[in-house]
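Subject: Structure handover

Hi,

Here is the structure I promised to pass on. Please open it alongside this note; what I found follows below.

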Amino acid sequence: MNDRYLINYLQNGKESDFTVIFNEFYTPLLLYACRFTENQAVAEDIVEEAFIGLWNKRDSISEILSLKSYLYTVTRNGCLSWIRKNKRENVINRTASVLEEHLERTALENLIYSETMTKIYSAIDRLPTQCRRVFILHYIEGKKISEIAKELNISVGTVKTHKVRGIDLLQNSLLSVLFLMLTT
């Protein structure tokens with residue numbers, strides 16, 4: 001649905017219309033908030049507060065050009081507020097510094113990043129079993145080829161073969177996803 005249609009829905013003031021908007025945006029906003037807070041319950045609270053604020057401002061919502069951008073901005077600001085309030089913990093301090101770095105990016109960039117990583121992990125999951133194990137051990141866990149060979153009880157040459165094959169399969173898989181995205 002386009003933004004103007006959703007904003008008109010919201011301005012009608014019907015709870016059923018608001019439910020349509022809620023169902024459209026809740027899950028993506030929750031994933032977005034979880035990325036910053038690393039806490040599902042906190043992320044749920046922040047997203048719910050964003051929707052409560054939207055409902056309370058429904059009469060003046062016509063000034064908003066993009067409902068999606070508005071909700072992502074309110075959610076991001078809620079995450080920032082929560083992080084500032086909980087800054088005493090070391091984990092939160094690290095999250096705050098990461099968040100400062102992420103704030104340089106726009107909501108669209110974060111959305112693209114999330115969707116891209118989902119496609120990449122999905123493509124990795126579709127690799128043949130041994131090839132996937134080698135790929136994960138090398139590229140995700142950072143192990144050396146000789147360590148992988150010893151751990152999997154296979155030769156170094158076999159590890160290299162699985163590594164090259166994994167890269168080729170991922171490239172083909174991701175190129176087809178990119179092609180589909182560009183043609184839609």
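Start with Lys143 and Glu151, which form a salt bridge with their closest N and O atoms 2.5 Å apart. Keep in mind that this is a predicted model. Lys143 also bridges to Glu141, where the closest N and O atoms are 3.8 Å apart. The structure holds two salt bridges.

Next, the helix packing. Helix 2 (residues 15-37) packs on helix 3 (residues 40-56) at an angle of about 140°. Their axes are 8 Å apart. The crossing is right-handed. On the helix 2 side, the contact includes Phe18, Phe22 and Tyr26. Helix 3 contributes, among others, Val47, Phe51 and Trp55. The contact residues divide into 16 nonpolar, two polar and three charged.

Then the cores. The largest nonpolar core has 27 residues. Ile21, Phe25, Leu29, Phe51, Leu54, Leu67 and Leu71 touch the most other members. Helix 1 (3-11), helix 2, helix 3 and helix 4 (67-85) each supply at least two residues of this core. Helix 2 gives the largest share, nine residues. Another core, of seven residues, lies apart from it; Leu137, Ile145, Ala149 and Val159 are among them.

Leu71 is worth a look. Beyond its neighbours within four places in sequence, Leu71 is in contact with Phe25, Leu29, Ala50, Phe51 and Leu54.

Best wishes

Definitions and conventions:
Residues numbered from 1 in each chain as written. Predicted model: local features only at pLDDT ≥ 70, side-chain atom pairs only at ≥ 80, totals over all residues. Heavy atoms only, no water. Axes fitted to C-alpha atoms, helices over the stretch in contact; angles between N-to-C directions. Helix = DSSP H or I, 4+ residues; strand = E, 2+ residues; numbered from the N terminus. Left-handed = near helix turned anticlockwise from the far one by under 90°. Contact = heavy atoms within 4.5 Å. Nonpolar A, V, L, I, M, F, W, Y, C, P; charged D, E, K, R; others polar. Core = buried A, V, L, I, M, F, W, Y, C linked by side-chain atoms within 4.5 Å. Buried < 20%, exposed > 50% of the residue type's maximum accessible area, 1.4 Å probe, protein only. Salt bridge = Lys/Arg side-chain N within 4 Å of Asp/Glu carboxyl O.
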